[in-house]
Amino acid sequence: MPSVIDSLTLIRPDDWHLHLRDGAVLQAVVGDTARQFGRAIIMPNLKPPVVNAELAGAYRGRIMAALAVAGVEPGAFTPLMTLYLTDNTSAAEITRAVESGFVHGVKLYPAGATTNSDAGVTDLFGRCGPALEAMQKHGLPLLVHGEVTDPAIDLFDREAVFIDKVMIPLRRAFPALKVVFEHLTTKNGVDYVTDAEGPVGATITAHHLLYNRNAIFQGGIRPHWYCLPVLKRETHRLALVEAATSGNTRFFLGTDSAPHPRGLKEQACGCAGCYTALHAMELYATAFDSVGRLDALEGFASRHGPAFYGLPLNQGTITLERSAYDIPQELPLGDSTVVPLAAGESLPWRLKA
Ligand code: DOR
Ligand code: ZN
């Protein structure tokens with residue numbers, strides 16, 4: 001009989017999809033990520049968005065300053081910056097980003113797909129062509145929010161339709177372009193990424209591994225389980241768990257931790273986004289443990305992402321212990337608070353200090 005694992009030491013993991021925000025919110029959340037992860041891909045959907053290397057450099061400076069204030073040792077955590085692709089992103093801007101050395105990807109938000117995506121792309125194959133060509137040439141990954149925005153398409157089908165309408169034509173037009181299908185939520189997405197030819201990867205969040213769409217409606221409407229792409233039905237969750245724990249190097253960790261002030265979630269039209277930076281590795285360990293695949297966590301969390309991005313593995317390790325972790329009801333967030341995912345519940349794993 002296999003013995004129960006009570007402690008798990010991993011190469012220090014990375015978060016390949018993270019929202020840190022700015023100002024007081026950045027200051028409040030950055031320590032949570034730095035405690036667990038060595039690096040994170042920082043999403044550029046600020047207001048206004050991070051559309052060029054100069055803005056990315058300034059944002060990086062604010063993150064470094066916030067890390068210092070949070071007491072994170074210099075060098076312990078590295079933010080990997082991204083640009084926000086717009087219809088006006090030029091090939092020259094891509095070259096500048098590559099030359100900066102600190103920009104590691106370009107994010108595609110179809111205009112209107114999610115939080116702060118109004119400046120996103122409306123003409124991917126036309127106006128973005130030169131930028132995509134330059135990214136392909138330089139090996140700079142395109143990070144894709146994979147949902148169509150057509151209001152006539154059912155919300156739960158928008159990822160599947162995106163594969164046919166955008167992903168397949170995109171990969172055909174730019175076959176050597178590195179593409180990350182961000183926050184995968186469906187079996188359709190898993191099958192696409194598994195079978196696609198060329199340099200394709202995907203991030204998977206902890207919440208999409210742990211919950212299906214029932215979580216949003218359990219006992220009433222629960223805004224803290226609402227994110228985009230929205231949680232899907234159980235068959236899709238099972239496919240995501242299977243992919244994440246399979247050892248397939250195309251799948252890697254991306255929390256999509258997206259802090260919003262409590263009041264903006266708990267209102268008539270609540271924002272999308274789950275705050276998981278606080279307890280990310282505890283959540284992932286719980287998901288992997290649920291199918292007896294803790295052995296696959298290091299690949300998913302610490303090895304596959306660096307391999308895709310062409311970066312070295314982190315130095316150092318983290319250790320998780322089988323010990324109850326009680327998730328707080330809320331945390332300070334500037335002049336408000338943020339409610340972490342599964343607030344008030346208990347997880348069977350905890351990160352060792
Ligand atoms: O739930 C989400 N929140 N999905 C996104 O794509 C954006 C994010 C945010 O920035 O709040
Ligand atoms: Zn995101």
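Let's start at glycine 273: one of its polar backbone atoms is 3.2 Å from an oxygen atom of ligand 1. Bear in mind, everyone, that we're looking at a predicted model. The protein covers 100% of the 290 Å² of accessible area that ligand 1 has on its own, and ligand 1 sits in the largest cavity.

What else touches this ligand through polar atoms? Histidine 145 uses its side chain instead, placing a polar atom 3.4 Å from an oxygen atom of ligand 1.

Now step back to the whole shell. There are 13 residues around ligand 1, and those that come nearest are Arg21, Asn45, Thr114, Leu228 and His260. So how does the shell around ligand 1 divide by class? We have 7 polar residues, 4 nonpolar and 2 charged.

Let's move over to the metal. Which residues coordinate the zinc ion, ligand 2? They are His17 and His19, each through NE2, and Asp256 through OD, at 2.0 to 2.1 Å.

Methods. Residues are numbered from 1 along each chain as its sequence is written. Chains are lettered from A and ligands numbered from 1 in the order in which they are written. This is a predicted model: local features need pLDDT of at least 70, side-chain atom pairs count only at pLDDT 80 or more; totals for chains, interfaces and linings use all residues. Side-chain values use heavy atoms; hydrogens and water are left out. Donors are N, O and S atoms within 2.8 Å of the metal (3.2 Å for Na, K and Ca); water is not among the atoms, so sites may look incomplete. A residue is near a molecule or strand if one of its heavy atoms lies within 4 Å of it. A polar contact is a pair of N or O atoms within 3.5 Å; within protein, one must be able to donate a hydrogen and the other to accept it, and residues adjacent in sequence count only if both atoms are side-chain atoms. Accessible areas come from the Shrake-Rupley method with a 1.4 Å probe; for residues, only the protein chains shown count as cover. On a 1 Å grid over the protein atoms alone, a cavity is a set of points where a 1.4 Å probe fits but cannot get out, and a pocket is an open set with protein on both sides within 12 Å along at least five of seven lines; lining residues have an atom within 4 Å of a point. A molecule sits in a cavity or pocket if more than half of its atoms lie within 2 Å of its grid points. Ala, Val, Leu, Ile, Met, Phe, Trp, Tyr, Cys and Pro count as nonpolar, Asp, Glu, Lys and Arg as charged, and the others, Gly among them, as polar.
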